Amino acid sequence: MPRLPALPIVMLFVAGLSQSQTIDHTKMDHPAHMKMMADAQRQVDVSKRGKDVMPFSLSAATHIFSKTAAGGTQQVVAKKSSDTAQVQLIRQHLQEIRMQFLKGDFSGPGHIHGEDMPGLSELRDAKPGQLDISYKEIGGGAQLTYKTANSVLVSALHKWFDAQLSDHGKDAKAGHAGHISSKKH
C-alpha cells in the first residue's frame with residue numbers, strides 16, 4: 001500500500017478540524033441540515049442582489065440591527081473605519097434609502113430580499129407621517145433610526161430586522177437598543 005506524504009494528511013485534518021468547529025453536523029437532523037444549506041444559499045443570493053442596490057461592498061461592512069419599543073436602529077459600518085471610500089458610500093446609501101423609505105419606496109429591500117420579505121408589505125402600506133426615519137453619521141458609517149407609535153409598524157420593523165439579520169449572515173449582527181455598536185473602529 002502506497003504511503004501518503006504527511007503534509008497533505010495534516011492539511012486535511014486541520015481543514016476538517018476548522019470546519020467541525022464551525023458546524024457540528026453530528027448534532028443536526030436532516031431537516032436542520034437542509035435548512036442550514038438553504039439559508040447559506042439564500043445569503044449568497046442576497047449578497048449578489050445586494051450589489052444592485054448597495055453601492056458599498058457588503059463584505060466590507062457590517063449591518064447592525066437594534067430593536068426598540070418604538071421601532072429600531074439600523075447601523076451600517078465599514079469593517080475598517082480607515083476605508084474612507086466605503087464609509088462615504090455607506091453614508092450616501094443610508095441618506096438615499098431614508099428618502100426612499102419616507103416616500104414608501106421599499107423597492108431596494110424588495111429586490112435584495114424578495115417581495116415577500118417579512119414586514120415589508122406593512123412598511124410599504126404605512127401612511128405618510130406614521131413612520132419617522134432619522135439619519136445620523138456614526139464612526140465608520142451611519143445609522144437610521146425608525147420610530148412609530150403604530151404597533152403594527154413596530155412589529156413589521158422587528159420582522160424586517162430579523163429577516164435582514166438572517167439574510168446578511170456573517171455581515172450582520174443584532175445590536176442592543178439604545179447603544180451604538182460596541183465594535184472598535
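pLDDT is the predictor's confidence in each residue, from 0 to 100. This is a predicted model, in which local features need pLDDT of at least 70, side-chain atom pairs count only at pLDDT 80 or more, and totals for chains, interfaces and linings use all residues. Residues are numbered from 1 along each chain as its sequence is written, and side-chain values use heavy atoms, with hydrogens and water left out.

**Confidence**

The protein chain averages a pLDDT of 76, and 62% of the residues score at least 70.

**Strands**

Helices (H or I, at least four residues) and strands (E, at least two) are DSSP runs, numbered from the N terminus. Two strands pair if DSSP finds at least two bridges between them. Strand β2 covers residues 71-78. It runs antiparallel to β4, with 7 bridges joining the two. Here G72 stands opposite Y146 of β4.

Strand β3 (residues 132-138) also pairs with β4 in the antiparallel sense, over 7 bridges. Y135 faces L144 of β4 as its opposite residue. β3 and β4 form a hairpin with 2 residues between them. G140, in the turn, has a positive phi of about 80°.

Buried means under 20% relative accessible area, exposed over 50%, and partly exposed in between (1.4 Å probe, protein chains only). In β4 (residues 141-147), 6 of the 7 residues are buried, so the strand is largely enclosed by the rest of the structure.

**Q75**

Q75 lies in β2. It is buried, at a relative accessible area of 1%. Its side chain makes a polar contact with the side chain of Q143, at 3.0 Å. A polar contact is a pair of N or O atoms within 3.5 Å; within protein, one must be able to donate a hydrogen and the other to accept it, and residues adjacent in sequence count only if both atoms are side-chain atoms. The C-alpha atoms of Q75 and F65 are separated by 6.5 Å, with the two residues 10 apart along the chain.

**Helix α3**

Helix α3 (residues 84-102) has 19 residues. After α3 comes G104, with a positive phi near 85°.

Definitions and conventions: The expected span of a helix is 1.5 Å times one less than its number of residues.
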